Amino acid sequence: MVRQLGQTTLGIVRDTGDFTLFCGRAFMSLSKTRRLPRRILRAVYEQGAVCLPVIAIVGVFTGLVLGLQGYHVLSRFGSEGLLGTLVSLSLVREMAPVLAALMLVGQAGSAFAAELGIQRNTEQIAALETMGVNSLGYLVAPRLIAALLVFPAQAALFVVLGLWGGSLSGSVLLGVDSGVYWSAVERAVEFRDLRECFLKAASFGVLTTAICAYMGFHADRNTSSAGARAVSASTTRAVVFSSITVLIADYVISSFFI
Amino acid sequence: METTDFALEVEGLEKGFDGSAVLKGVSLRVPRGSIFTVLGPSGTGKSVLLKCIGNILAPDSGRIVFEGRPLRDPAAREDFRKRCSFLFQGNALFDSLTALENVALPLEQTTSLGKVEIFKRSLKALQQLEMKDFADRYPGRLSGGMQKRLALARAIVTQPEIVLFDEPTAGLDPLRRNAVFSMIAKYQRRFRFTALVVTHDVPEALAVSDRVALLNQGRIAFEGTPAAFAASSESGVALFRDSVDALHRTLAAIRSEQPATS
Ligand SMILES: Nc1ncnc2c1ncn2[C@@H]1O[C@H](COP(=O)(O)OP(=O)(O)OP(=O)(O)O)[C@@H](O)[C@H]1O
Ligand SMILES: [Mg+2]
């Protein structure tokens, strides 16, 4: 029992160390990658453009629900005028970075982990290495840089569409004056809120992309399964760990800002 | 010969997986500018040997020396990677890239050549292996032999000085098989490049090679010139070399049996 606990702890420490090393090497490899801008652009497209529709839909509906629920809570205290404050601050500080990150993990992160897993399994990664191409620099580093851009951009889009959704349910459907709603939004959101939003989004982006890359890249390390099973197992793990990490990191960063 | 006359030297190489030894102390020396063929029955560790040399697998013990410098040294390894290329037994093609993109990738990522030059060289490599007509196809849409030729084109496009070929002719028809061996011979003539070839095509290998080794159960059972291989009376060598005679004998025995009467 004690031994099991000790082994598990050791395992976690080792994996964390290994993961940190992996991230370090991925960033170091940036200097060795040729034609990096093109790879980054491609990664931005693969991560960003592909996920736009989903982010847009989730953003609008989150705003709609926030407007609806917020209106009914606030009207109990007769302060419907604060709806804009409620919607905007919840979106900017929490909902947008967290939900956008979770959506991106589900769409782009899982795909990335699976792609790397298959590339590992079919010796494509080994082939890159034998060509003298740094596989981390070619496959992973551009994604990390892209994540730094894509996650904040998607969070911003989420905020904008969420605010619009909030005004749709709050003022168009439930009758809060639209001028009151938007001026409350304007008064509520300060620079530090935006900074929190973007800092969170960028951190989630790098963390989740690195986790997905790590899981896919080491799909062959899995001892309990092999081949296609190992790829699916590592993809599942990538999504689960990334999602949990988003929530934990969200708490940690929030506690610094409050 | 001094040590630096060898492109590659392998000393006491051992490699096992999960406790079962595959390579049990393999040593060989590949002279620079030569074609060196490794023969051996399936599953004895030829691919593992090549992967250890190509730095894809880490050996458990032993030394691999590249032009007098051990590959453990990172600088030597880097140099080796730049000048060596590897043909995987399973081809290891990039399955999301077209044939042309596959061949262009090593040029794009390891040289600073311009776009046009990369295109020209890639196309030329494809042409050499009669793959030009399939430049826009994805590897998954190519036949087994075509995939092998594409992998060969990708391996030679960077004009490497050393190539590790793991079964370059598996799945090819006899004409193309000859073409591949002739290409290797031609390259050796022109650029004095070194080829370490693993193959099951014994007569072709004997014709084209400068040296031959037989790997059997994780050990080198024979190493020498093709002539010595052809003349060797060692039982392992004879068994492997004279497999066709053995087949004829077996067939004769089968045919001489009385057919079952019903
Ligand atoms: N990654 C691996 N993990 C575990 N065992 C392996 C691995 N790779 C190879 N082996 C084992 O090593 C032995 C040698 O395999 P190898 O692929 O080198 O054979 P080979 O001589 O190339 O055969 P063939 O001519 O069929 O290609 C086999 O028994 C194989 O099961
Ligand atoms: Mg093999």
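**Entry 1: a threonine in chain A.** I began with A:T209, which is buried at a relative accessible area of 4%, and I kept in mind that the model is a predicted one. Burial here requires a value under 20%. I then placed A:T209 in helix α8 of chain A, the helix that runs over residues 191-217. Which residues does A:T209 touch once its neighbours within four places in sequence are left aside? I found A:Q47, A:F112, A:R143, A:L144, A:A147, A:F151 and A:F204 in contact with A:T209.

**Entry 2: an alanine in chain A.** Next I looked up A:A113, which lies in helix α4 (residues 83-121) of chain A. Is A:A113 buried or exposed? I noted a relative accessible area of 0% for A:A113, which makes this residue buried. With neighbours within four places in sequence again set aside, I listed A:C212, A:G216, A:T235 and A:A238 as the contacts of A:A113.

**Entry 3: chain B as a whole.** I turned to chain B, for which I recorded ten helices and ten strands. The radius of gyration of chain B is 20 Å, close to the 18 Å that the globule rule gives for 262 residues, so I put chain B down as being as compact as a globular protein of that length. Along the principal axes, I noted that the C-alpha trace of chain B spans about 70 × 50 × 40 Å. Of the 262 residues in chain B, 48% are buried, and of the contacts with a separation of 6 or more, 64% join residues 24 or more positions apart. The accessible surface of chain B is about 12,800 Å², and carbon and sulfur atoms account for 50% of this area.

**Entry 4: one helix of chain B.** Which residues of helix α2 (residues 74-83) of chain B are buried? I found B:A76, B:F80 and B:R81. Viewed down the axis of α2(B), these buried residues fall within an arc of 135 degrees, so I noted that they line one face of the helix. On the other side of α2(B), I recorded B:P74 and B:K82 as exposed.

How values were computed
Residues numbered from 1 in each chain as written. Chains lettered and ligands numbered in written order. Predicted model: local features only at pLDDT ≥ 70, side-chain atom pairs only at ≥ 80, totals over all residues. Heavy atoms only, no water. Helix = DSSP H or I, 4+ residues; strand = E, 2+ residues; numbered from the N terminus. Rg over C-alpha atoms; globule rule 2.2 N^0.38 Å. Buried < 20%, exposed > 50% of the residue type's maximum accessible area, 1.4 Å probe, protein only. Contact = heavy atoms within 4.5 Å. Areas by Shrake-Rupley, 256 points an atom, 1.4 Å probe, with all protein chains shown as cover. Arc of directions from axis to C-beta.
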